[in-house]
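Hi,

Here is the model I said I would pass on. Have a look at it first, and then read my notes below.

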Amino acid sequence: MARPQASWRVLVSPLIVVVVWELLSAAGILRPNYVPPPSQLGPHLLALLAGGELWRHLGVTLYRLGLSFVFALIPAILLGLSLGMSRTARLALEPILTSLYAIPKIALLPLVMLVLGVNERTLIFTSTLTSFVQMTVSTMGGVLAVDRSILEAGKNYGATGWRLFRYVLFPSALPDIFTGMRIGLSLTLVLVIAVELTAAQEGLGAFLWTAGQTFSAKNLFSAFIVIGVVGLTLTYGLERIGNWLMPWRERSSAAMFL
Amino acid sequence: MVPSRVTWLFSRELTIPLATSLVVLAAWEALVHAGFLRAAFFPPPTNIASTLFGLAVSGELWLHAGTTLGRLIVSFLMALIPGTALGLAMGWWIGMRLTADPLVRLLFPIPSIAFFPVVIFYLGLSEWGLLLTAAITPFLLIAVQSAAAVESLERTLLEAGRNYGARGRRLFLRVILPAALPRLFIGYRLALGVGFIVTVAVEMVAAKHGLGGFLWHSWQILRIEEMYVGLMLIGLLGILVTYGLEALADRMMPWQVDLLRLKGQR
């Protein structure tokens with residue numbers, strides 16, 4: 001069932017949480033050293049942003065995320081389309097793709113570090129692989145899910161070869177390709193943060209980890225909020241862009257959470 | 001249409017993937033022996049197999065695999081029970097949806113691993129910290145999918161149930177739950193996958209035991225064969241998690257397989 005578009009009502013319960021949080025702190029039930037109240041957290045976050053340090057970490061994380069996405073995009077879409085259209089290629093690459101898809105890509109990190117060394121290249125390579133595998137699988141799935149009757153209709157109207165691909169197959173598969181990009185980016189963000197937690201000096205994950213280890217609750221919450229905003233922007237922002245770019249695609253609120 | 005067993009053995013669905021796997025493994029083995037691949041980085045598959053055998057005999061393998069599997073199961077249950085309850089409530093009562101839905105949607109897109117430093121800030125580097133971290137995002141995912149499962153129920157089904165006199169508990173157990181089950185299972189499958197990623201990641205960051213910890217440790221002391229064994233087992237568990245639940249769902253709900261295929265959700 002379609003639900004009505006989000007309205008001011010979605011803000012009510014988060015606001016209540018913030019107010020209760022603040023009141024509990026004021027009443028002395030939550031200690032500010034452990035759970036800083038929103039009234040202290042806000043200014044602290046702003047100060048961190050004004051100081052430029054948090055921006056630098058955010059920049060590093062976004063740079064890693066963006067670079068791996070760009071590297072993976074074209075090869076993944078090309079491979080995904082070919083695998084979707086050729087049954088032999090699909091069967092031949094199935095064992096490799098299946099294992100790569102099922103394995104958490106962070107588990108490949110030690111292997112990549114062994115071969116490439118402990119450096120930026122390793123991180124970028126592992127994140128690129130994460131995006132690549134997800135986008136390939138989604139693109140392939142998108143081609144396979146194209147309705148046979150649409151293809152038949154296209155053929156009956158005389159579309160063959162390139163025209164069939166360009167005007168029938170590709171637009172039908174595009175929503176899935178786009179979803180693959182979004183999920184790929186989300187998974188890559190998880191990977192980048194995970195790697196940064198332990199193996200990096202810079203980036204939001206490193207900042208978050210240091211804050212936790214030095215018992216700086218305010219830094220911890222600030223970093224967490226910034227990471228959360230990045231995640232929210234990726235999920236909901238891209239979904240909006242997708243709806244705007246592809247008005248023909250089916251909208252489903254639950255599909256956003258795949 | 002079910003092809004017979006013998007036909008299946010020689011079908012392209014089996015022979016081509018098998019051939020690729022064998023070719024890759026044989027090429028790997030040959031290239032190492034010919035000196036083109038460095039054995040320090042890519043030990044030959046036969047060496048990895050004998051290391052795997054040794055670890056299996058000594059029992060170390062089962063300890064780590066069992067630990068990871070145990071963590072995965074416990075954290076999954078920690079997500080499944082409250083997640084389903086919250087999701088069903090969100091789908092059924094408008095008040096619950098207005099209260100909880102915005103919070104769930106706010107928290108869900110946060111990268112799951114980012115919860116880890118926050119959780120251990122309060123719980124310390126404990127087993128519960130690991131389990132809770134691995135349960136958070138699956139919990140949110142299950143809640144969203146369960147709510148969607150109830151919302152997408154066909155009204156006619158409910159009406160028919162009511163007309164036949166099903167109310168309250170009976171309506172829920174006999175009509176709502178069976179109809180919502182396929183969508184619930186989609187949520188469970190996705191949640192298990194996410195939970196597995198987070199479990200392995202957290203183990204690599206912070207645990208001594210478990211496959212993630214084993215993998216990280218064997219890298220640090222440069223026992224490369226053991227590293228490959230760890231990687232292999234994580235892959236196997238991943239395949240089990242990714243495709244096993246799907247097979248289970250097909251077996252439990254045979255009436256839904258064709259329907260889902262028809263809707264293109266497979």
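Two residues are in contact here if their C-beta atoms, placed from the backbone, lie within 7 Å. Keep in mind that this is a predicted model.

**Where the chains meet**

By that criterion, 46 residues of chain A are in contact with 48 residues of chain B. On chain A, the elements that each give two or more residues to this side are α1 (12-26), α4 (87-102), α5 (109-116), α8 (161-199), α9 (204-213) and α10 (217-245). The largest share comes from α4(A), with 9 residues. Sorted by class, the chain A side has 34 nonpolar, 10 polar and 2 charged residues.

**The core**

The largest nonpolar core has 128 residues. Helix α9 (residues 168-206) of chain B gives the largest share of the core, 18 residues.

Leaving aside residues up to four places away in sequence, A:Ile193 touches A:Leu204, A:Gly205 and A:Ile227 in chain A, plus B:Pro111, B:Ile113 and B:Ala114 in chain B.

**Chain B as a whole**

Chain B has 12 helices and 0 strands. Its C-alpha atoms fill a box of roughly 75 × 55 × 30 Å along the principal axes. Of its 266 residues, 40% count as buried. Taking the chain B contacts between residues at least 6 apart in sequence, 69% join residues at least 24 apart.

**Two helix pairs in chain B**

The axes of α4 (residues 60-92) and α5 (residues 94-107) of chain B come within 6 Å and cross at roughly 130°. Because of that angle, α4(B) counts as oblique to α5(B). Their crossing is left-handed. On the α4(B) side the contact is made by B:Leu86, B:Ala89 and B:Met90, and on the α5(B) side by B:Met96, B:Arg97, B:Ala100 and B:Asp101. By class that comes to 5 nonpolar, no polar and 2 charged residues.

Further along are α6 (residues 115-123) and α7 (residues 127-151) of chain B, whose axes come within 9 Å and cross at roughly 145°. Here α6(B) passes α7(B) in a right-handed crossing. B:Phe115, B:Phe116, B:Val119, B:Ile120 and B:Leu123 of α6(B) meet B:Trp128, B:Gly129, B:Leu132, B:Thr133 and B:Ile136 of α7(B). This contact has 8 nonpolar, 2 polar and no charged residues.

**Two backbone angles to look at**

A:Phe215 has a phi near 55°, a positive value in a residue other than glycine. A:Phe215 sits in the loop between α9 and α10 of chain A. Is this residue buried or exposed? A:Phe215 counts as exposed, because it has 11 C-beta neighbours inside 10 Å and the cut-off for exposed is 12 or fewer.

In chain B, phi of B:Leu222 is also near 55°, again positive in a residue other than glycine. B:Leu222 is found in the loop between α10 (210-220) and α11 (224-252) of chain B. With 11 other C-beta atoms within 10 Å, B:Leu222 is exposed.

Cheers

Technical notes. Residues are numbered from 1 along each chain as its sequence is written. Chains are lettered from A and ligands numbered from 1 in the order in which they are written. This is a predicted model: local features need pLDDT of at least 70, side-chain atom pairs count only at pLDDT 80 or more; totals for chains, interfaces and linings use all residues. A nonpolar core is a set of buried Ala, Val, Leu, Ile, Met, Phe, Trp, Tyr and Cys residues joined through C-beta atoms within 7 Å. A residue is buried if 20 or more other C-beta atoms lie within 10 Å of its own, exposed if 12 or fewer, and partly exposed in between; C-beta atoms are placed from the backbone. Helices (H or I, at least four residues) and strands (E, at least two) are DSSP runs, numbered from the N terminus. Axes are lines fitted to C-alpha atoms, for helices over the stretch in contact, and angles run from 0 to 180 degrees between N-to-C directions. A crossing is left-handed if the near helix is turned anticlockwise from the far one by less than a right angle, and right-handed if clockwise. Ala, Val, Leu, Ile, Met, Phe, Trp, Tyr, Cys and Pro count as nonpolar, Asp, Glu, Lys and Arg as charged, and the others, Gly among them, as polar. Angles under 35 degrees count as roughly parallel, over 145 as roughly antiparallel, 65 to 115 as roughly perpendicular and the rest as oblique.
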